[in-house]
Amino acid sequence: MEEHHISAFIEYANSIAIVAFALSGALTAGHYRLDPFGVMVLAAITAVGGGTIRDLIMGVEVFWLSRNDYIYSIVITSLITMLFVRRPSHVPMQLLLVVDAFGLAMFAVLSAQKALDYQMTGLMAVIMGTITGVAGGIIRDIICNQIPLLLRREFYAVVALFSASLFVIFESLGFSENFSLFVSMICGLVLRLAAIYWGFSLPAFAIDD
Amino acid sequence: MEEHHISAFIEYANSIAIVAFALSGALTAGHYRLDPFGVMVLAAITAVGGGTIRDLIMGVEVFWLSRNDYIYSIVITSLITMLFVRRPSHVPMQLLLVVDAFGLAMFAVLSAQKALDYQMTGLMAVIMGTITGVAGGIIRDIICNQIPLLLRREFYAVVALFSASLFVIFESLGFSENFSLFVSMICGLVLRLAAIYWGFSLPAFAIDD
Amino acid sequence: MEEHHISAFIEYANSIAIVAFALSGALTAGHYRLDPFGVMVLAAITAVGGGTIRDLIMGVEVFWLSRNDYIYSIVITSLITMLFVRRPSHVPMQLLLVVDAFGLAMFAVLSAQKALDYQMTGLMAVIMGTITGVAGGIIRDIICNQIPLLLRREFYAVVALFSASLFVIFESLGFSENFSLFVSMICGLVLRLAAIYWGFSLPAFAIDD
């Protein structure tokens, strides 16, 4: 595949991930009865929060700063959600979960790639991938006054960790960047979908009083 | 008006906004029975949290870092609040709301101006204005374990968005910076005060289970 | 004492502080029944959250970015906690409080030193020390949906403020860096341990409805 095909793919994938996470933020906002601006704020934080924290920690320009299209995607996603969704039954939840799983795997792998591009170690690349995958959702849940479900019962953070690690391993084994990107993303996606389908969950670490 | 008059005005306005937001943080701290250092921490986060996040995202020096006077204002505001306020009835709530409204409009417009000064797009200037206006209050409410009211019922985030947008529009129409600053600030202030007086609120976006 | 002895001491002290705070995060995670990855995320945020915010605000490279050993310490601390702790009675709480107090005093003093090294004012050095001492614990409590105890009843933020201030005062009086580091750390540690032993607490600032 040629270079510009890959970057076009990455571009699309990134946008889909942004929209998926914005949708998840907007739906959560509806559950907690935020006003329209609250909906947009929550959608934006969920969609770009993880990548923003990653970029601040890496010390590079925040990714959405020089581009208006990410912001437009979030606003449009919020508006469409508010116009068309009135009950959870209006949302094709299966589709949402698949789209969110795709976003999670994409964000994790693309962030690991970004970290390696900036000469960070493999360990740091995995951490950047995990931060990008989970931080937006953690802040969304914090604002809505919940203990983040994704740290508790869902097989979620581990998917970000797994797909970012896979990418780093493939890269260090000398595979082509295409191969590493696609395969690690798809493995992450499959793991997350399998976890949803069969209801995987990790045992809780519980200290009983 | 001469250049140094404007910058003196901006200086004063910024300080009033800091004090107003610090007061709001300190009063919230009293409601949740924090200890004196907790009161100062909450006052500081409310007052400078939004501007700090704005500066981190913009990649410029955090605004309070090279100046001690912002910190002194926050400490003094916290001390005075703790000394003189024992009941909500001790606070002239109407005055507080007006001062807070002034702070909100000032922060939003001055942040939009700062973003344009750094060659950011109008959209980003509006976003920086909104972040500065609302982020401190959101973190204050998060620490106190509440779903931020300003995302739910209050006509608040929209005021930041409105006054920052107005400033960007005036600037793009070629009005003088003075005019743009004053008029957009005053319009934001009036909108917020009208919302308080007549009890405007936006309809909640509610997804019913 | 020779230069490399000091830096070796600082190195060890920093690592102990990281482990102490990671342990505190992991134990809190067990109380709220997070899954193993949630435990690691919470341990990491508690351990490096304060220093990360300090470095972002100071505009310097985040301290754990170029070093893998901090991350390994956190992962190992989390794993050991999950393997061996099943009841709070399994944790020697007295030891934990002492280790945490040591971490608090170390983080506060070392951060004040870092700030002075970067030519910041004494006031900013004290603020950086306080942020580093308390921010990780505040975020830990926010994620677990609690109003941070350290802002409410514990004699905690004041210890960070006190030991960072002491360091700045000693430095400005021209004492050697060794002396300033050790004495301010030990005074902070003693103050915290005394507060735990005799149950000091600051009076709450309460606004009654």
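Reply: Let us start with the term itself: a residue is called buried when its relative accessible area is under 20%, and exposed when that value is over 50%. Please keep in mind throughout that this is a predicted model.

Me: With that cut-off in hand, why does Asp55(A) count as buried?

Reply: The relative accessibility of Asp55(A) is 0%, and because the limit for buried is under 20%, this residue counts as buried. As for its place in the fold, Asp55(A) belongs to helix α2 of chain A.

Me: Which residues does Asp55(A) touch, if residues up to four places away in sequence are not counted?

Reply: Contact here is judged by heavy atoms within 4.5 Å. With those sequence neighbours set aside, Asp55(A) touches Val60(A), Glu61(A), Val62(A), Phe63(A) and Lys114(A).

Me: How should I read the pairing of Asp55(A) with Lys114(A), and how far apart are the closest N and O atoms?

Reply: The general idea of a salt bridge is a side-chain nitrogen of Lys or Arg within 4 Å of a carboxyl oxygen of Asp or Glu. In this case Lys114(A) and Asp55(A) form such a bridge, with their closest N and O atoms 2.9 Å apart.

Me: Which residues are linked with Asp55(A) in a network of salt bridges?

Reply: The network is made up of Arg54(A), Asp55(A) and Lys114(A), which are linked by salt bridges.

Me: Now I would like to step back to a whole chain. How many helices and strands does chain A have?

Reply: Chain A has seven helices and zero strands, and reading along the sequence gives the pattern α-α-α-α-α-α-α. The radius of gyration of chain A is 17 Å, close to the 17 Å that the globule rule gives for 209 residues, so chain A is as compact as a globular protein of that length. Its C-alpha atoms fill a box of roughly 50 × 50 × 30 Å along the principal axes, and buried residues make up 56% of the 209 residues. Among contacts in chain A with a separation of 6 or more, 73% are between residues 24 or more positions apart.

Me: How many residues of chain B and chain A take part in the contact between them?

Reply: The contact takes 32 residues from chain B and 33 residues from chain A. The area buried between these chains is about 2,800 Å², and carbon and sulfur atoms give 71% of it. On the side of chain B, Leu151(B), Phe205(B) and Ile207(B) lose the most area to chain A, together 29% of what that side buries. Across this interface the rule finds zero salt bridges, but two residue pairs in polar contact. The elements of chain B that give two or more residues to this side are α2, α5 and α6 (157–172), and the largest share, seven residues, comes from α5(B). By type, the residues of this side divide into 24 nonpolar, three polar and five charged.

Me: Which element of chain B gives the most to the side that touches chain C?

Reply: Across the interface of chain B and chain C, the rule finds two residue pairs in polar contact and zero salt bridges. On the side of chain B that touches chain C, α2(B) gives the most, with seven residues. That side divides into 21 nonpolar, seven polar and five charged residues. In total, 33 residues of chain B are in contact with 32 residues of chain C, and the two chains bury about 2,700 Å² between them, 71% of it on carbon and sulfur atoms.

Methods
Residues are numbered from 1 along each chain as its sequence is written. Chains are lettered from A and ligands numbered from 1 in the order in which they are written. This is a predicted model: local features need pLDDT of at least 70, side-chain atom pairs count only at pLDDT 80 or more; totals for chains, interfaces and linings use all residues. Side-chain values use heavy atoms; hydrogens and water are left out. Buried area is the accessible area (1.4 Å probe) that two parts lose on being put together, summed over both. A polar contact is a pair of N or O atoms within 3.5 Å; within protein, one must be able to donate a hydrogen and the other to accept it, and residues adjacent in sequence count only if both atoms are side-chain atoms. Helices (H or I, at least four residues) and strands (E, at least two) are DSSP runs, numbered from the N terminus. Ala, Val, Leu, Ile, Met, Phe, Trp, Tyr, Cys and Pro count as nonpolar, Asp, Glu, Lys and Arg as charged, and the others, Gly among them, as polar. The radius of gyration is taken over C-alpha atoms; the globule rule is 2.2 Å times the number of residues to the power 0.38. Buried means under 20% relative accessible area, exposed over 50%, partly exposed in between (1.4 Å probe, protein chains only).
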